[in-house]
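Please open the model in a viewer and keep the selection panel at hand.

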Amino acid sequence: MLELHIWGPSFTLPSISPQSLSTIAYLRLTQPPTTWTLIPSSNPLLSPSRELPALRDGATWVSGFRGVIEYLYCKNDSGLDDALDGAQRAEAFAFGRYIESEGGRLLDLSMYLTDGNFDVLRGVFAKLLPVPARYYFPGVLRREARRRCDGLIPVTSSASASGAAKPLPQPTAMTATALPGAKEQISAKGAAERIKQVAVATGFLQTIQSLLGEGRFIFGDKPSSLDCLAVGYLSLGLYAELPNGWLREEMVARHGRLCSYVNEVRGRMLGDGVDVTAVMSGQATMTTPSGKLAGGGLPWETVERKDVPWVTGLLLNRAMEIVGITCTERYGDGGDREEKTEQMEGRRIEARRLQRWETARNVAAVVGCVGAFIGYCVWSGSIAMEFGGKGKYEVAGGMGGGEGDDDVENKMGLLEGFGSAESILGLGGRGTFGPRGEDGRDEVIE
Amino acid sequence: MVSLPIPQFLKSLFDSFPLRTYPANPLPSRCPKFGTTPSLYAFATPEDAVAGNPSFNPSCLKWQAYLKFYGVEFKTVPSNNHASPTGALPFIISQQKSMSESMEVEVVPSDKLASWIEEHGCSLDVIDTDSAQVKAFLVLVNNQLRDAWLYALYLEPNNSQDLAGKLYCGSSVSAVSSFLLRQAKAAARQQVLQAYPGGVLDPRRIYADAGAALEAISTMLGKDTWFFGGGDPGLFDASVFAYTHLILNLRWHTGENTLFRAVMEHDNLLGHERRIRDAFFPEANTPDANKPLGSES
Amino acid sequence: MASSPSTGDDVLDRLKKNVDPTVLSEREVAALKRAAEHYEKARNRLKNLVDDNSTLPATISHINIDGAKNTRASFLRKVLQETFAKSREPGFTLEDALRELRRDCRTFYKFGIFHPPGLYIDSTGRENGKANLKAEISLRELSRFTLKTGTDMEGTDTGGAGGSGYLSLTYRNMFGGAESLNGYASIGTRTRSVYEVNFQAPINANPDLILETSGYASTRSHQHYSSHEEVLRGGKVGVKWGEHETGYTGVWRQITGLAEGASPVVRGDAGDSVKSSLWHTFARDRRDSHLLPTRGWMVKSESELAGWGGLGGDVAFWKSEMETQVAAPLGASGISVSAGLRGGLLYPLSTGIGDNSKPPQPSRINDRFQLGGPTDVRGFRESGLGPRYGNDSVGGDVYMSGGANIYFPLPKVGPKKPLRLQAFVNSGRLVGLQGLSEGDGNVNSSVVGAFKELSNGMPSAAAGVGLVYAHPIARFELNFCLPLVKRSGERGRKGLQLGIGINFR
């Protein structure tokens with residue numbers, strides 16, 4: 001039995017993530033309904049790469065759309081793309097990547113980065129996630145979306161294109177001040193933003209529409225993995241009911257062919273409308289008043305909720321990332337198990353040596369600084385004064401100078417001084433110094 | 001400032017100042033002197049820049065190649081990201097008139113380079129870069145291939161020290177270069193992570209994705225001379241060449257050269273790289289000359 | 001004093017006995033008359049006592065230091081060492097003792113960790129025919145932590161002025177040896193940000209020999225005259241003694257944040273460079289006021305050797321600047337004149353040693369001099385003199401500037417107030433070294449060429465009249481100026497110009 005773990009359902013679609021939708025579509029087209037179940041666990045920690053969708057087959061976990069189809073291809077020795085020739089396969093791969101990249105950014109822009117829409121999304125996640133995570137996760141996803149869309153709508157330019165990226169301080173930031181006609185500015189800004197959004201959307205949708213042509217599916221009459229991707233991404237754009245629905249409007253208004261394509265294949269690939277509440281409460285097989293299944297005909301399984309462990313795990317993971325311990329190397333090494341040649345071993349050793357060297361250098365720098373500090377303390381004598389018993393006595397005895405040349409005589413002189421000072425002025429050294437009368441004062445200078 | 005009415009005689013008296021104006025001070029020695037040849041500010045070693053050799057940065061090399069395809073004469077000026085108007089190299093400074101006539105210069109940032117080059121170069125028989133296919137395959141180069149390139153260059157421990165550190169973060173003071181390298185590594189990591197939302201960088205997966213991308217690109221090229229059946233090399237050819245040439249020529253460390261091996265699998269891509277190198281960068285290193293890769297350590 | 005425990009040989013009794021009775025009574029009468037001024041009296045009495053007994057042989061048996069609870073004993077002893085050594089010498093007299101003790105008090109005060117000290121002296125008897133003195137220096141430590149915040153004015157050209165806010169925390173007497181640690185942070189418009197940690201310590205308990213180390217990071221905007229910002233991260237070690245200061249600086253400079261219209265010169269120099277240099281400064285100021293001098297003179301010099309030989313870094317040059325100023329009053333009229341002359345040279349050197357040696361490179365924009373501005377060469381905009389590319393002042397390698405001012409007190413206000421009318425004429429030249437390209441060209445002939453260029457034609461000059469006000473913290477000037485001579489492209493300022501600053505040339 002295959003278990004497909006996904007981000008949970010929303011907007012009558014079985015998932016809120018386009019990758020999850022595409023994977024559902026692929027499984028629905030290739031696997032008999034009894035051999036797999038769909039679990040809206042919304043828990044990315046399940047998969048080794050911390051991503052959803054993730055497919056569990058016994059003890060094996062694979063994640064991501066590509067990971068899943070590759071695994072299923074190896075397992076079944078057949079896939080959706082078997083009928084395609086080499087050039088078509090290359091094209092399917094390229095366009096698939098194009099959809100994932102450009103379509104993904106378009107959805108990011110529409111769902112996470114458009115004012116108003118994100119608030120709705122928060123509500124969606126609230127239905128999918130346990131309590132602490134539902135406040136935390138949307139923010140994380142939004143940050144990631146913002147990073148991905150950096151430069152798409154050119155508000156700030158970044159140096160990312162050349163690798164040695166480094167954001168530059170923008171001189172304009174200083175001069176940008178609030179202007180009197182702020183309201184008009186904002187609405188003008190909104191209009192300009194809209195124009196840019198539509199431009200981005202048109203670029204993507206035109207490309208997909210021209211790719212689709214007039215056929216039933218992208219490559220003729222049979223669906224391919226590329227169709228799964230296209231439907232996954234487009235359906236979220238088309239069916240997500242967002243307050244600022246520029247993407248959806250753009251699709252409906254000018255890309256009718258895409259809409260009809262998605263509408264046509266939706267039932268076959270993603271099931272009928274999904275009732276989120278029913279699915280999340282484990283009543284996917286219940287029929288709705290309209291006579292349809294609440295789960296849209298998909299093999300839903302209830303979520304095994306282990307909220308506390310996974311939320312803790314997640315937070316721990318984040319904390320480790322912040323501290324700088326990442327699991328990259330671990331997974332990287334673990335994956336190479338089968339090709340553990342001597343060369344790889346040597347490389348790992350070399351890498352470790354390099355890492356150790358860097359750590360050693362950092363430690364050396366810290367030790368050096370601390371050493372220099374302690375050295376100064378010793379040199380200046382402040383340490384000796386703290387720990388030396390004799391030194392303490394000196395302090396208590398007040399300051400003085402002797403006639404003698406060496407230390408012992410100095411101390412003798414000091415003792416004398418201490419005694420005589422007391423006899424004359426009634427002083428007990430500076431430690432016990434008290435108010436004194438005029439009689440002790442001889443002359444005052446300055 | 002409030003402008004007060006000034007009596008005519010005072011105004012003419014004012015206008016007579018300064019009493020004497022000499023010709024302008026000449027610029028100090030280091031200041032660049034521009035002829036009519038446009039300058040491409042790019043990552044390059046000073047020697048390579050003089051010899052017209054390829055840059056060691058893929059996006060700079062892409063535009064270098066594209067300029068050469070169009071027969072635009074230019075000279076390469078070694079530079080860095082701080083110099084660029086957009087924060088990223090390359091960019092072009094061109095001057096229509098000679099320096100003595102006017103100090104006006106035109107700065108062309110990288111996002112406007114394509115149209116600038118097409119405008120200033122000869123006409124070529126190239127395919128439309130706006131076609132759906134080109135767009136899709138460009139994504140493969142700019143995402144999968146680039147991520148793997150960044151990973152191999154910055155995040156593989158030995159490569160980052162010996163290649164990225166030397167090429168991009170060179171400074172005469174090791175503390176500064178290691179600080180710069182650390183910054184660059186963090187930036188590269190951030191960049192690659194965009195494609196892997198889980199926050200886990202699995203090199204196997206990154207290289208496998210790049211391998212699949214190369215496979216698709218190679219299939220697309222097939223037996224053609226240039227991509228998509230163009231009569232002359234175009235922007236896509238330049239993009240692919242920028243990566244293949246550098247992947248083949250960099251002295252990767254043994255064990256960290258997965259990307260190199262992936263390119264070597266595709267004979268037609270090797271041929272494509274060689275065709276462009278022979279035709280447009282005759283002085284450039286040949287990959288064969290560098291065959292014992294990363295073996296110096 | 002009279003009631004001090006009497007041991008028959010009390011030095012002060014002896015002092016009294018030595019004094020002629022009539023003189024004593026006279027003095028006592030005088031002292032009574034000034035009874036209210038106890039301090040004066042005490043001083044006076046001591047003075048007379050000393051005058052009369054200056055040759056009395058004495059020795060200092062011990063010095064009690066009171067109130068220095070955070071200061072190390074060894075440190076205090078080092079300060080007093082010399083006094084003890086001298087007091088053992090034969091022929092050490094009471095006068096010497098007082099002078100020594102006063103000097104010690106001054107030394108303590110100079111460390112900047114105490115309030116003005118008090119000195120008390122008593123005698124403890126006689127030994128070998130010498131008066132045995134016991135002294136007590138009463139110290140009061142300044143608070144160990146001082147937090148300061150405030151705002152600064154910066155920038156001086158009309159319309160281009162900026163401001164900044166700062167926060168500074170000082171930890172005084174850190175290890176009990178008058179060391180001080182200072183943290184400073186400032187954020188502003190021109191000087192975008194400065195963060196500095198500074199540690200100072202007197203060497204060998206000598207307040208005139210200070211070791212100073214600091215680390216800093218700052219971002220400065222040069223947008224208003226050459227379209228860029230400079231980020232500095234570096235450290236400095238120096239020793240200050242008297243009018244000299246010398247040390248080493250290592251700094252990583254980054255030219256970044258270029259304006260859209262930045263010239264190719266600035267673009268060419270953008271990026272990272274490291275300067276590793278030894279420097280020395282000397283300043284002797286004998287003026288009555290540095291803000292509005294009416295008499296005296298001043299000489300200042302700064303020299304820097306960067307990147308030469310084994311110093312490392314990306315830039316190599318010798319850089320020297322010299323500045324002089326003379327001021328003199330014209331009779332008792334309150335009218336005074338001042339004149340100043342300054343110049344600087346940047347001489348490129350070869351980097352590295354042996355096989356790594358590289359020929360001299362032409363200078364970068366962040367090493368070159370800038371000239372012009374209301375506090376500098378009046379009648380020109382800030383950095384308005386010298387070579388330019390488009391809107392950017394690119395700086396020069398050699399400069400010379402001079403000026404003369406005449407100050408008149410304002411009628412009715414008089415010369416007592418720091419307010420003057422001034423008339424001035426000043427001029428300057430800033431030129432770049434020619435004919436040096438990457439690694440070839442003769443530096444000497446370029447420098448000779450640059451000096452020739454300095455005297456080629458009249459220097460760029462301006463004259464004007466204005467009002468000067470020397471506020472205790474800064475000097476304000478409002479001038480009407482007219483440029484007389486300039487080079488094409490140099491940015492003169494015709495009309496009113498406002499100058500605010502501390503260092504006026």
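Select chain B together with chain C: 38 residues of chain B are in contact with 50 residues of chain C, contact meaning heavy atoms within 4.5 Å. This is a predicted model, in which local features need pLDDT of at least 70 and side-chain atom pairs count only at pLDDT 80 or more, while totals for chains, interfaces and linings use all residues. Residues are numbered from 1 along each chain as its sequence is written, chains are lettered from A and ligands numbered from 1 in the order in which they are written, and side-chain values use heavy atoms, with hydrogens and water left out.

**The interface of chains B and C**

The area buried between chain B and chain C is about 3,600 Å², and carbon and sulfur atoms give 61% of this area. Buried area is the accessible area (1.4 Å probe) that two parts lose on being put together, summed over both. On the side of chain B that touches chain C, select α1 (8–15), β1 (20–22), β4 (91–94) and α7 (174–193), each of which supplies at least two residues. Helices (H or I, at least four residues) and strands (E, at least two) are DSSP runs, numbered from the N terminus.

Which kind of polar link is found here? Between chain B and chain C there are 18 residue pairs in polar contact, both residues being at pLDDT 80 or more. A polar contact is a pair of N or O atoms within 3.5 Å; within protein, one must be able to donate a hydrogen and the other to accept it, and residues adjacent in sequence count only if both atoms are side-chain atoms. Salt bridges across this interface number zero, a salt bridge being a side-chain nitrogen of Lys or Arg within 4 Å of a carboxyl oxygen of Asp or Glu.

**Aromatic pairs in chain B**

Remain in chain B and display B:Phe56 and B:Tyr168. Their ring centres are 5.1 Å apart and their planes stand at 85 degrees, so the pair is edge-to-face. Rings of Phe, Tyr and Trp (its six-membered ring) pair if their centres lie within 6.5 Å; planes under 30 degrees apart count as stacked, over 60 as edge-to-face and the rest as tilted. B:Phe56 lies in the loop between α2 (46–51) and α3 (58–69) of chain B, and B:Tyr168 in helix α6 (residues 157–168), 112 residues apart. Both B:Phe56 and B:Tyr168 are buried, where buried means under 20% relative accessible area, exposed over 50%, and partly exposed in between (1.4 Å probe, protein chains only).

Next, select B:Trp149 and B:Trp252, an edge-to-face pair with 5.7 Å from centre to centre and 85 degrees between the planes. B:Trp149 belongs to helix α5 (residues 132–155) of chain B, whereas B:Trp252 is in the loop between α9 (235–249) and α10 (258–264), 103 residues apart. B:Trp149 and B:Trp252 are both buried.

**Chain C**

Chain C holds eight helices and 21 strands. Of its 505 residues, 51% count as buried.

Select C:Thr170, in strand β5 (residues 162–172) of chain C. With 13% relative accessibility, C:Thr170 counts as buried. Its side chain is joined to that of C:Asn182 by a polar contact of 2.8 Å. Leaving aside neighbours within four places in sequence, C:Thr170 is in contact with residues including C:Arg144, C:Phe145 and C:Leu181.

Now display C:Glu82, C:Lys86, C:Glu100, C:Arg103 and C:Asp104, which salt bridges link in a network. C:Arg103 is partly exposed at 25% relative accessible area, while C:Asp104 is buried at 0%.

Another salt bridge joins C:Arg287 and C:Asp285, with the closest N and O atoms 2.9 Å apart. C:Arg287 counts as buried at 17% relative accessibility, and C:Asp285 as partly exposed at 37%.

**Chain A**

Finish in chain A by selecting A:Asp57 and A:Lys75, which form a salt bridge with the closest N and O atoms 2.7 Å apart. The pair links distant parts of the chain: A:Asp57 in strand β3 (residues 54–57) and A:Lys75 in helix α2 (residues 64–76), 18 residues apart. A:Asp57 is buried at 16% relative accessible area, whereas A:Lys75 is partly exposed at 44%.

Lastly, select A:Trp7, A:Phe125, A:Tyr136 and A:Phe137, which ring pairs link into a cluster.
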